Amino acid sequence: MRKFLSFISWALLCCCWTTQAEIFTSIGQMTDLIHTEKELVQSLREYIKAEESKLAVVKSWANKLDDLTKVSTSDPEGFLAHPVNAYKLMKRLNTEWSELESLVLQNPSDGFISNMSVHRQYFPDEEDETGAAKALMRLQDTYQLDSEAFSRGKLPGMHSNAVLTVDDCFDMGKTAYNDADYYHAVLWMQQSLKQLDSGDEAVVSKADILDYLSYSVYQMGDLPRAIELTRRLVAIDPSHQRAGGNLRYYEGLLFKQLKELNQAYQPVSEEPIQLGTYSRPKDHLPEREAYEALCRGEGVKMTEARRSRLVCRYQDGKRNPRLLLKPMKEEDEWDSPRIVRYLDVLSHEEIEKIKELAKPRLARATVRDPKTGVLTTANYRVSKSAWLEGEDDPVIMRVNQRIEDITGLTVDTAELLQVANYGVGGQYEPHYDFSRKDEPDAFKRLGTGNRVATFLNYMSDVEAGGATVFPDFGAVVRPRKGTAVFWYNLFRSGEGDYRTRHAACPVLVGSKWVSNKWIHERGQEFRRPCGLTEVD
């Protein structure tokens with residue numbers, strides 16, 4: 001604005017100087033001033049038009065976000081329970097707000113920039129946006145959801161206005177592509193193309209989508225379809241710098257393959273690429289299929305005979321004085337290995353207090369390095385956790401005592417109460433809670449022996465997903481707010497029970513809060529005496 005006013009001032013000064021040079025004495029010369037003024041007005045109009053155009057974009061963005069924030073702030077946790085909302089929040093704050101900032105910076109607005117500078121330190125970064133995108137892909141795989149369902153906000157048991165645009169789908173595909181994950185790149189680029197072809201508005205061009213899609217399809221080993229997609233790209237953009245060369249290369253490879261196999265060329269299938277067209281590549285987890293099937297509720301090995309052996313009872317902790325008047329309600333979840341659930345372990349008020357204490361301390365959840373015993377982050381555990389001591393609040397001390405009363409095991413040598421919150425697609429892939437023979441130093445620094453048992457509190461209900469599953473014997477334990485589950489990780493002999501390998505399924509819809517107590521061997525000598533055999 002200052003530059004523009006300086007330009008006007010300079011122009012007017014020039015006019016004044018000309019006038020002082022007796023321009024008034026000549027109408028012809030004065031007409032030059034008329035034309036100068038017209039040019040100034042035209043420049044002013046162009047400036048106003050540019051400002052209005054920019055303000056219209058900003059106003060449209062503000063109106064959209066105003067409506068969105070009214071919904072999101074009314075129930076932040078409920079809003080973020082939908083994984084698409086969580087992903088789009090990451091994307092907005094990492095990418096779209098920055099684009100808006102660049103637009104405003106074309107003519108600096110000090111108030112806005114100052115505000116951005118103050119809050120930018122709290123914004124998610126590129127890693128957050130990428131992580132949220134990968135979380136959606138993880139949910140897609142685990143629960144066998146196609147990209148169409150996600151992009152239209154259709155998740156099992158619910159329908160939402162949380163939709164993914166053409167550009168959102170393209171960015172999802174690009175995230176996978178940049179990670180050499182061509183399987184997901186194909187799914188999301190295909191969805192982006194599908195929505196663009198159906199008339200959805202987009203910034204990204206069809207040529208860009210076809211460029212990424214054709215190469216990803218080639219990487220998946222589908223040469224005929226890669227050729228067909230590349231031909232479409234060449235038809236749209238004949239001068240594309242890579243398309244022509246790629247097309248010749250793909251055609252040469254296919255011709256060579258057909259010649260070696262003595263086969264004729266078959267037309268490409270008219271079926272669109274979708275979930276199931278290509279096989280998902282294998283990864284590091286041997287029980288991936290069984291684990292994900294259990295997360296979907298498939299492959300559960302609960303038979304009628306087994307169910308008939310599961311009972312419920314009142315449990316007073318072997319006549320524990322604190323449980324005599326109000327014994328715990330205990331339900332069998334599984335018979336062998338024995339898993340039990342306790343009802344009404346935590347009250348709503350206690351849960352809220354624990355969450356209040358934990359929230360300021362939440363940090364990326366860690367796992368103990370089996371070689372060094374040091375806590376470190378891992379891709380297979382996606383959540384945030386905090387550790388609470390009994391001295392932090394009477395509630396924590398009371399919960400610790402309650403766990404001791406219920407289990408009959410001392411918690412003096414147990415680890416601190418760990419509180420965890422699983423975000424978008426939050427999970428903990430199959431793992432053991434105890435240390436195995438090949439990692440004898442895992443808990444050496446604690447000096448309390450191995451983890452003999454796990455006590456897991458569910459502090460929230462979860463609309464979909466988030467179950468605790470045991471792939472070895474096909475058990476599924478679903479979160480129920482206020483309840484807790486308990487199992488032994490070790491036999492009485494001190495040997496690990498390898499059947500207890502378990503996982504926290506990705507949260508599909510909802511926000512999952514848990515707290516757990518890992519109880520160690522030391523101090524349990526007379527509370528849980530050794531057995532006579534290795535597997536007692």
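Author: Of the 536 residues in the protein chain, 45% count as buried, where buried means under 20% relative accessible area, exposed means over 50%, and partly exposed covers what lies in between, with a 1.4 Å probe and protein chains only. This is a predicted model, in which local features need a pLDDT of at least 70 and side-chain atom pairs count only at pLDDT 80 or more, while totals for chains, interfaces and linings use all residues. Residues are numbered from 1 along each chain as its sequence is written, and side-chain values use heavy atoms, with hydrogens and water left out.

The mean pLDDT, which is the predictor's confidence in each residue on a scale from 0 to 100, is 87 for the protein chain, and 86% of its residues reach 70 or more. Over residues 1-30 the pLDDT is below 50, although this stretch has 20 contacts in the model beyond near neighbours in sequence; a contact here means heavy atoms within 4.5 Å. Among contacts between residues at least 6 apart in sequence, 72% join residues at least 24 apart.

Now to the empty space itself. Rolling a probe the size of a water molecule over the atoms shows where such space is left. The search uses a 1 Å grid over the protein atoms alone: a cavity is a set of points where a 1.4 Å probe fits but cannot get out, a pocket is an open set with protein on both sides within 12 Å along at least five of seven lines, and lining residues have an atom within 4 Å of a point. Grid points are joined across faces, edges and corners, and a volume is the space filled by probe spheres set on the points.

The second largest pocket holds about 1,300 Å³ of space. Its lining comprises 40 residues, and those closest to its centre are Trp61, Lys64, Lys91, Glu96 and Asp168. At least two lining residues come from each of helix H2 (27-74), helix H3 (76-80), helix H4 (83-105), helix H6 (126-142) and helix H8 (166-178), and it is H4 that gives the most, with 11 residues. By class the lining divides into 14 nonpolar, 12 polar and 14 charged residues, where Ala, Val, Leu, Ile, Met, Phe, Trp, Tyr, Cys and Pro count as nonpolar, Asp, Glu, Lys and Arg as charged, and the others, Gly among them, as polar.

Phe79 lies in helix H3 and counts as buried because its relative accessible area is 12%. Leaving aside neighbours within four places in sequence, Phe79 is in contact with Leu68, Val71, Ser72 and Asn85. Phe79 and Val509 are 430 residues apart in sequence, yet their C-alpha atoms are 9.8 Å apart in space. In the loop between H8 and H9 sits Ala180, which has a positive phi of about 60 degrees although it is not a glycine; at 48% relative accessibility, Ala180 counts as partly exposed. Gln190, within helix H9 (residues 182-197), is by contrast buried, with a relative accessible area of 14%, and beyond its neighbours within four places in sequence it touches Leu213, Pro272 and Ile273.

The largest cavity contains about 200 Å³ of space. It is lined by 18 residues, with Tyr422, Tyr428, His431, Leu456 and His502 the closest to its centre. Two or more lining residues come from strand E11 (417-422), strand E12 (427-431), strand E13 (451-458), strand E18 (502-504) and strand E20 (512-520), and E20 gives the most, with 4 residues. The lining of the largest cavity has 9 nonpolar, 6 polar and 3 charged residues.
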